[in-house]
Structures are given as C-alpha cells and as structure tokens.
Amino acid sequence: MTWHTARTFRRAEELCVTGTESAGRRIDTSRPHPARVYDWFLGGKDNYPVDEELGRAITAQGDAPRQARANRRFMERATRVVVREAGIRQFLDIGSGIPTEPNLHQIAQSAVPDARIVYVDNDPIVLAHAAALLHGTPEGATHYLQADAREPQRILQGASAVLDFEQPVALSLVALLHFISDEDGAQELVDTLVGALAPGSCLVLSALTADFDPERVHAGIAAYTASGVTLVARSHDEVSRLFKGLEVLEPGIVSLSRWRPDAREEGDPVSLYGAVGIKR
Ligand SMILES: C[S@@+](CC[C@H](N)C(=O)[O-])C[C@H]1O[C@@H](n2cnc3c(N)ncnc32)[C@H](O)[C@@H]1O
C-alpha cells in the first residue's frame, strides 16, 4: 500500500512508467486490465491494444460503452444524493478507475468545497494517472492510495490519515465488486469496511447482474474469463446481502439506469444494479 499526494506523485509516476519498481507496479500491456478496458468503453485514451481487443469482443455481445457511461452517471447522481440527503463530507472511493471527468471529488467539492476524498485502486495505470485525482479545492483534500480492495484493514488504516472515521463517510464501491468473487472475499470486505463506518455513513454500490439480459452478460463474462480477468454477475438477492444492516434509500436496489434517473437514462435497463444504503 502506498500513499500518493501531489508532491510525491511525480516520482511515483516515473517509477510506474519506467517499470523500475516491483513487478506489481508495472503496467502489463500483454494482457487486458479492467481499468483500461473500462477506459476504452468510455472513449478514453489510456488503454492498449489488448484492452481494446477485449473491449470490442464484449461490445459485440452488447452495448458495454452505454453501460459504462450509465455507471458513471449513477456515480454522479449518487454522490450528489449522499451530499444533499445524508450531509456527507468524506468519501472513500475504492476501485476509482482511471480519472474520467467529472471525477467524484469534482462532484463532491462543487457541492461542499471542504469535502475530503481518498481514492483507492490496485492498477498501476490508475497510479500513473492519479495526478488528475489530486487537484481538488484548497479547502478540501484529495488523496490517492495504491492498494488492493481485498485488504480492507490496510485501506482503513491508510485512509484514516485523511478521513475521520468518527464522522460519516460515503464508501463508494462503484463497478468494483464484479471483479471480486465471493470466494475471494467480496462479502467480508464489504462487512469490514461498513463495520468501520460511523452512523450516518453510506454505501454507494453498483455491481454487474445477469438478471436483465442473461445471454449477453454471460457472453461478456466468458470473454473476460478467457482473457484471465475474473468477472462475476450477482442476482438481486446477492446484491441485497451486500447491503445487510443498512437502510437502502429509495428506489431500492434497481438497475442503475432506473436509480433516480434523469432524462438521459432511456432504453432497456442497464445490467448493473445500483443502490445507496445508510448506516443508522
Ligand atoms: C470498471 S472500473 C470502475 C471505475 C469507477 N469506480 C467507475 O465506476 O467509474 C473498476 C476499477 O476497479 C479496480 N479494481 C479491480 N479489482 C480491484 C481490487 N482488487 N482492488 C482495487 N481496485 C480494483 C480496477 O483497477 C478498475 O480501476
């Protein structure tokens, strides 16, 4: 686990790009990585031919770029809701992804300039672009932590340097958990993270489901699996279990394109559930 602030970032980026640090920090361009495939779906430039190849294979099975854009918009709406309805000022965003505007801190700090945000991801390409995540308001704080979601205690320990866990925090696990199977501890990591949050905190979560369009989603999972990337779809019941003990805000656990939609969310339901739960 490594901290990056604006000051330390330049050195970290150099290490990452030149590959002189440990293998775990090198950008492996020989196989696709979730953050880079997602970047390709979003029309970004921070991906390699292997990522584009998998992105195209998945897009041939369904409209993954539309789903990725809808997921970003869910993150935007949910972030505004937790600021407005739950009065949240602190954010722990795990699986933050390659910066894509508007980033979570830009949404939160445009509503509350003193908002504090810790971003976490385990992909070296996110680290290589993390500088864009560190340009927040002078009143607030934005920090980046290179860590694996499957080590929640280490994340909590690191994030506590920036976030006050005695006060409410919005834990954002947006489009992360379908890369972590139950066998790999998805439920335990949610339980550990939510267990550390103060009353009034929120869980903002989106996760892949095959409930709406099973054939296409299973074809997409097969394409990811063939490329060596774990991808799991969860049923409504399975996503509900991730919210156990939390009060789920209206409209509940629904396709994220049906979660407090604006005019842009038209058409068939997107194959990700989205919801926000509050810890009372
Ligand atoms: C689909 S992207 C989602 C990005 C962003 N949260 C969003 O919704 O727009 C998933 C992100 O989760 C990260 N990720 C996957 N497995 C992870 C793990 N075990 N620990 C930390 N990050 C992980 C990937 O590197 C990628 O950046």
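Predicted model: local features only at pLDDT ≥ 70, side-chain atom pairs only at ≥ 80, totals over all residues.
**Exercise 1. Is Glu-151 buried, partly exposed or exposed, and what is its relative accessibility?**

Residues are numbered from 1 along each chain as its sequence is written, and side-chain values use heavy atoms, with hydrogens and water left out.

*Solution.* 
- Step 1: Recall the cut-offs: buried means under 20% relative accessible area, exposed over 50%, and partly exposed in between (1.4 Å probe, protein chains only).
- Step 2: Glu-151 has 33% relative accessibility, so this residue counts as partly exposed.
- Step 3: Find Glu-151 in the loop between strand S4 (141-146) and helix H7 (152-159). Helices (H or I, at least four residues) and strands (E, at least two) are DSSP runs, numbered from the N terminus.
- Step 4: Look for a partner: the side chains of Glu-151 and Arg-154 are joined by a polar contact of 3.0 Å. Such a contact is a pair of N or O atoms within 3.5 Å; within protein, one must be able to donate a hydrogen and the other to accept it, and residues adjacent in sequence count only if both atoms are side-chain atoms.

**Exercise 2. Work out how the ligand is held in view of its surroundings.**

*Solution.* 
- Step 1: Start with the 19 residues around the ligand, of which Tyr-38, Asn-71, Arg-72, Gly-95 and Asp-121 come nearest.
- Step 2: The side chain of Asn-71 has an N or O atom 2.8 Å from a ligand oxygen. A backbone N or O atom of Val-174 lies 2.8 Å from a ligand nitrogen.

**Exercise 3. Describe the setting of helix H2.**

*Solution.* 
- Step 1: Six of the eight residues of H2 are buried, so this helix is largely enclosed by the rest of the structure.
- Step 2: The buried residues are Ala-35, Arg-36, Val-37, Asp-39, Trp-40 and Phe-41.
- Step 3: These pack against helix H3 (49-59), H4, H6 and helix H9 (214-226), where contact means heavy atoms within 4.5 Å.
- Step 4: After H2 comes Gly-43, with a positive phi near 80°.

**Exercise 4. Which residues have the most contacts inside the largest nonpolar core?**

*Solution.* 
- Step 1: A nonpolar core is a set of buried Ala, Val, Leu, Ile, Met, Phe, Trp, Tyr and Cys residues joined through side-chain atoms within 4.5 Å.
- Step 2: The largest one has 37 residues, and Val-82, Phe-91, Tyr-144 and Val-276 have the most contacts inside it.
- Step 3: H4 supplies the largest share of this core, seven residues.

Definitions and conventions: Near = heavy atom within 4 Å.
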